Each structure stands twice: as C-alpha cells, then as structure tokens.
Amino acid sequence: MYWEPDKECLDREELEQLQLERLQSTLNRVYAHVPFYRKKFDSLGISPEEIGALSDIARLPFTTKDDVRANYPYGLFAVPLREVVRIHASSGTTGTVAVVGYTRNDIKMWSNLVARVLTAGGVTKDDVVQICFGYGLFTGGFGLHYGAERVGASVIPASIGNTARQIQIMKDFKTTALVSTPSYAMRIANTIREMGISVSALSLKYGLFGAEPWSEGMRQEIQDALGIVATDNYGLSEVLGPGVSGECRERNGLHIHEDHFLVEVVDPETLRPVPAGQRGELVITTLTKEAFPMIRYRTRDLTRLLPDACPCGRTGKRMSRVVGRTDDMLKIRGVNVFPSQIESLIHEIEGGGPQYQIVIDRKEALDEATVLVEADEVAGYDRERRKGGTADTIRKRLAHELGITVDVKLVGKNTIDRSEGKPRRVIDNRKL
Ligand code: DLL
C-alpha cells in the first residue's frame, strides 16, 4: 500500500526538519555551482547561510520558464556533464526548450518517487503495466517505466500510437495497469467499444493518468468504460518529470512528495502566498536533485493545498487536481504549446500583425487543432494557389517547430470572431 512508508508517513515536525536540512544543502550547492543562482542571490544580498527556517524561502527569488530557456541547454546544471547519466527535455518546440539532466542518484530518486505514485494507485509487483507514453525526450515514458520496474511489475514499453495494436497487446499480455494520458485512455476505451471487445475479456484493474488536465467527469467515464480504478498523477520536466505528486486510491487529491519538494501556493499577480487552502500558482523548490536543482520554480499551474488529513495515512500535503494555468499554455496531444509561438511563426511568414485563432476539438478522444489565419484576399485565379501555398508553409513550419500536426486554414479579413474588438485566440472545445 505504501512504497516507502517511513518517508510517506513522516510526522510533520520530522518532515520539516528534513526539508530544512535539504533546502540548506541545495542552496549551498546552487550557490557554489550555478552562476545564474549565485548572481541572483548576490544581487538581492542573500547568502545561503541566512536561510535558517523554511519560511525564509520567501526571501529567495523565483525561477521562471524564461530563465530556463535563457540558460539553454546546460546553464542551470549544478554538476559537470560527466556526472549526468540522462538528459530529457520538456515537450513542445524543437527550439530553445528546457533541457534537464539527471545524475545516477537522481534517477534512483526519480524511480522511487514514481514507484510511490504507482503503489498508491494500486500497482504491485504482481501487475503487468502497459506504458503508453512516448519514450524519448519527454519524461513520461522513461519516468513511468523506471518506476514500474522499481516496483517489480512486468513492464510493457508500448509507447504511443496504433491503438488497435495496443488493445491487442493489452488483451494477449493480460495487462492489469494502464499508464497514459487521460485522453489516450478515453481513446482506448472508445476503440475497444468499436472493436466489439468486451472489457471483461481484458484483465485491467488500474489506470494511472497524468501529463495533462482532466476532470472528475472524465475520470468517471474512463473508470466505467474500462472497469478500473483511475488515479491522477502530476509532474513537470523542469522539476523532475512524473513523480512530483499522485493520488492514492481514495482519489481525493494528489499527495506531494514533500521530503523531496518544498511547495508554495502564491497569488500569480502579487506573488505572495495565498491564504491556506486557497487556489493559486504552485511554486516548487527541489530538495534532493543533484544535476538540475530548481529554486522556487513558478509552474504556472493553478491548484490549492487541501487542508484535512487523508484516511490513507500518508502525511504529505495534498494538492487538488490542476485546474488551469496562469499563462496561456495549452496541451495538445500531450505537447506543450503556447499560442504566442504560433503567433510569431505566422507573423514571420505572413508579416504584419495577422489575426489568428486556434480551435481545438477532441474527435474520438484525440485532440485536433486547426489554426485559422486571416489573410488578404488576392484577386484572380492565383487566389486558391496562394491560399493553399501559404497554409501549407504555415502547416509545415508548425509541424517542424511545435512537433504536432495542425490543420491551417486561411480565411478572409475580419472573419474571425471578435469580442471587444479582439479576436478570441483560443477556442478549446475539448470537454474535460
Ligand atoms: O507532463 C510530466 C508527466 C508525465 C506527468 C507523465 C505525469 C505523467 P511536461 O511535459 O514538462 O511534463 O509538462 C508539464 O503538464 O506543468 C502541467 O501543466 C501539465 N500536467 C502534468 N501532469 C498533469 C496532471 C509532464 N496530472 C505540465 N493534471 C505541467 C493536469 C498536468 N496537468
């Protein structure tokens, strides 16, 4: 039921003492080895020794995604590459993304934290775990894989794609736990129905889903369709990847692994802590990471800390499911996309300040995005050719730079919906 009971059920006082010791050692390390942090601390006149209590964390500067980008690729690493045994990058563009590294100890710690998440969701070494996350720069595939191996389960590295084949594997290999995004689980459920397979012919018991937002309604649907207990788990590349927090089978919030992460919830405008239990932006400081420590990382994810204890006995604070973001980041088929990236690309190709709109639908449980771009009408027979050509160029560049395929349609001037004169940038029709 627990993976590391002594750590997952630590009493508060002991936990906070451990957090403080780990915080101090992390601060000393980043100050000594990462010029970015040293400069920042120096400019604020803070030295790591002055941080004598957990509450002193509020004196430290925040770190943002822009800081990570500006230090591409290895500027925030706190160890030489010789000690790095794995490199991942956050999903999204192929340009300046967040590149993250892990030492051998980091991989061990990561595997243990993912093992906690899997164990909390019901997985044991008797399970057959099918991992339907991409294996690559994305942290999902390898992160969950190592955790499931750590538990001792039989792991199927199925990766993503070819849903009918996934289902065949699920049936033949007697998969008991499915690991994927919630939307892919929906797609699997729909395809099973289309293939005329009864879920009783499968051996599924658990579903562990994460990497994108979903809702309680979606959970119900997936649980009913697949006959499983579905739990939510959360993480992000800049901080670790999967394994930051996860639900237990009570399914009432995600237990944060507080012995490895110090969390704060702040008002995204004032950056001051919100009153206990209120919604705000999650800020995370890593306490044990060696290669890529993070100080007060602004996740941009909106959540709140849940006040009461969980009947499961874990003492780590719980966060509510992530309900949104403070920036405009979208997850399209699991890939992080910012409308501003699409905007600058269209701007480059079309010039001027083109009006555009991103429309996202979920068809058969798969995200489909269409970008509408307002373009000058060109008279004569060249019109269709120009339209097709430009749309094609934009489509190719988006595929190249974002790593996802989107449909692009050129539309006439002033045809995109405007409210208060401003076109609505994103129409998200996905029902979460
Ligand atoms: O999505 C890591 C991960 C992989 C988590 C597999 C869970 C399972 P990134 O690609 O860096 O990393 O994206 C991180 O995804 O800031 C959230 O906005 C969103 N996200 C991740 N998990 C959840 C979740 C991985 N359970 C970004 N609910 C985060 C809602 C989530 N949003």
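Two strands are taken to pair if DSSP finds at least two bridges between them, where strands (E, at least two residues) and helices (H or I, at least four residues) are DSSP runs numbered from the N terminus. The structure is a predicted model, in which local features need pLDDT of at least 70 and side-chain atom pairs count only at pLDDT 80 or more, while totals for chains, interfaces and linings use all residues. Residues are numbered from 1 along each chain as its sequence is written, and side-chain values use heavy atoms, with hydrogens and water left out.

An open sheet is formed by four strands in the order β10-β11-β12-β15, with antiparallel pairing, and its edge strands, β10 (261–266) and β15 (324–325), each pair on one side only. Within this sheet, β11 (residues 280–286) is joined to β12 (residues 297–303) by four bridges, and V283 has R298 in β12 as its bridge partner.

Helix α8 (residues 182–194) packs against helix α9 (residues 216–226) at an angle of about 35°, with the axes 10 Å apart; axes are lines fitted to C-alpha atoms, for helices over the stretch in contact, and angles run from 0 to 180 degrees between N-to-C directions. In their contact (heavy atoms within 4.5 Å), residues including M186 and I192 of α8 meet residues including M218 and I222 of α9.

Around the ligand there are 22 residues (a heavy atom within 4 Å), of which A211, D232, N233, S237 and D301 come nearest. A polar backbone atom of A211 lies 3.1 Å from a nitrogen atom of the ligand, and a polar side-chain atom of K331 is 3.1 Å from an oxygen atom of the ligand.

Conventions
A polar contact is a pair of N or O atoms within 3.5 Å; within protein, one must be able to donate a hydrogen and the other to accept it, and residues adjacent in sequence count only if both atoms are side-chain atoms.
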